[in-house]
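Here are my notes on this one, as numbered points. Have the model open while you read.

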Amino acid sequence: MVLTVNSCSDEFTNLEPIGGVSTGNFWKSEADAIQASNSLYHEMQAQNLFGRGFFWYLNASDDMVTGRIRADVDNAKNFIMNGDEGSYKNMYADCYKVIRRANFILANVPNMDINEDLKSRILGEAYFMRGFSAFWVAHMYGDNGTNGGVPIVTVENMNAPAGSFERPASVTENYAQIVEDLKAAADLLPIFTTYGDADKGRAHKDAALAYIAKTYLYWAQYDNTKYADAVTYCDAVTNSGSGRALIDTDNPAEDYRLLHSALKEWDTEYIWSVNSSADGGSILTGVMLENKGWGSYNGWGYFQPTEELYNEYEDGDARRAVTILKFGDEFQYFGETRRYQSENSLSGFQFNKYMYEFRDAGAIGTTVNTNGDNPTTAYNVPLLRYAEVLLIKAEALIMQGQNGDAPLNLVRNRAGLAPISNATINDLKHERRVELAGEFANRHFDLVRWGDAQTVYAQPLHGRIHTDRANPDSPYSSEIIWPARNFDPNVNHVWPIPNTAVESSGISQNKGW
């Protein structure tokens, strides 16, 4: 057995592997334990998970279109996959890779003679990353119906023979294990505000509590008693002592703009994100940039907003301009004031949420990666923010027949909008969509778990097609850019497990794919 680890002499943010270390001479020192904990985060920065990987699945939603011709991605958006698609083959296996690394830690670190506080933190990190990774594969590939859950791999069965793992009868068994892991993590981990700069980005108590809340929210689609648990753990985040709160200085446009920048990435709204810099991290920032970046940078041009998303915003909502660029909108780009136009965008829009680090003339090499084939920026791409914690609470309260106005209106107030009284589930659905647009919050799965996907996807998607795509002032017409799709809620509520994983493990493929 070989464990891939990382240098502990560098800061935690340097996660490049330094090679293989034999387990025969490992698990001896504090340095070994720290190296092992660092290895948990390496896949976080890989393209396969939170660069583009999982976003290929999120791209199925009504908020965006693919942006460039890519056959396997187009097929997935149209729900006609077969499990052999190259763009989708790595996420499942890579999550289990992280789970395996976490199990190594949980099997070996308890018996190490090291500082007890350090031991607790490292074990907490392992429990968190095992639960976090299992969360993604569980809701993407598992159900409570004909398919069941996904294999649960713990220390107890980690060395079982290949092909001996089975799918549990229900994904709720996965959710139960995920909650158990995250509760163990929350008990062991420090609050975020105790970390020094070198350790920011490690798992912390609030991240564990927040993902417990989100797991209960997803579990509640099968068992509505879990809504109450979701509320409990949202409140636990708020009351943890770490000062989690919305960034809200009563300047909605500036607050929401700076929230989505490196300037505020460790502020009070931070829960969990991908550690990123001009040297590495999540490439989503460049993936969403104009294809070829107007001749100045190698943007990739994927994931373009639809007119449906643009029109979802209310008049006066400061989030719309921060989230989406339309033709004629001004923005700063490498020291210039530009007006948005695109000869490449299929929809006539671009996500603006990830563009702050491209503003300055000297951005390349400071806030933007010099390598356009690895287009990261200094912005840590968010995976879960405190605003989502508030919206989870609001949804869980509303679904129990209670009043969710207070948490919902905190989010609306920050956006510069009037409060809502007696908010309905439709109000909540709207607020989740506009607050979390273009993020890993997973609009597609929201539609699936609400039972809305079949109806929503039966409608075509639109863009603004301008007569002169080089001219930001040219007139446009609203046109269909993606046809209506057939979504079968009995099949397409889960994704096909990559066939390579099915063949190597012997588990069953999801039905109907």
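**Notes on the model**

1. Let me start with S345: leaving aside residues up to four places away in sequence, S345 touches Q304, Y340 and R469 (contact means heavy atoms within 4.5 Å). S345 sits in the loop between β8 (336-339) and β9 (349-351); helices (H or I, at least four residues) and strands (E, at least two) are DSSP runs, numbered from the N terminus. At 3% relative accessibility, S345 counts as buried (under 20% relative accessible area, with exposed over 50% and partly exposed in between; 1.4 Å probe, protein chains only). Its side chain reaches the backbone nitrogen of S347 at 3.3 Å, and a polar atom of that S345 side chain lies 3.0 Å from the backbone nitrogen of G348. A polar contact here is a pair of N or O atoms within 3.5 Å; within protein, one must be able to donate a hydrogen and the other to accept it, and residues adjacent in sequence count only if both atoms are side-chain atoms.

2. Some ground rules. This is a predicted model, where local features need pLDDT of at least 70 and side-chain atom pairs count only at pLDDT 80 or more, while totals for chains, interfaces and linings use all residues. Residues are numbered from 1 along each chain as its sequence is written, and side-chain values use heavy atoms, with hydrogens and water left out.

3. On to the hairpin. β7 (residues 330-333) and β8 pair in the antiparallel sense over four bridges (two strands pair if DSSP finds at least two bridges between them). Q332 has T337 in β8 as its bridge partner. Two residues lie between the strands of this hairpin, and F334 takes a positive phi near 50 degrees there.

4. Two other positive phi values deserve a look. W27, in the loop between β2 (17-22) and α1 (30-39), has phi near 60 degrees, and is buried with a relative accessible area of 12%. N442, in the loop between α16 and α17 (443-450), has phi near 80 degrees and is buried at 2%.

5. Aromatics: the structure holds 51 aromatic pairs. Rings of Phe, Tyr and Trp (its six-membered ring) pair if their centres lie within 6.5 Å; planes under 30 degrees apart count as stacked, over 60 as edge-to-face and the rest as tilted. F50 and F132 make a tilted pair, 5.8 Å centre to centre with 35 degrees between the planes. This pair links helix α2 (residues 47-51) to helix α6 (residues 116-141), 82 residues apart, and both F50 and F132 are buried. Y57 and Y88 are edge-to-face, at 4.9 Å and 65 degrees. Y57 lies in α3 (residues 53-58) and Y88 in the loop between α4 (71-77) and α5 (91-108), so this pair ties together parts 31 residues apart in sequence.

6. What about the cores? F128 and W272 touch the most other members of the largest nonpolar core, which has 139 residues (a set of buried Ala, Val, Leu, Ile, Met, Phe, Trp, Tyr and Cys residues joined through side-chain atoms within 4.5 Å). Helix α6 gives the most to this core, with 14 residues. A second, separate core of 13 residues includes Y297, F331, M355 and F358.
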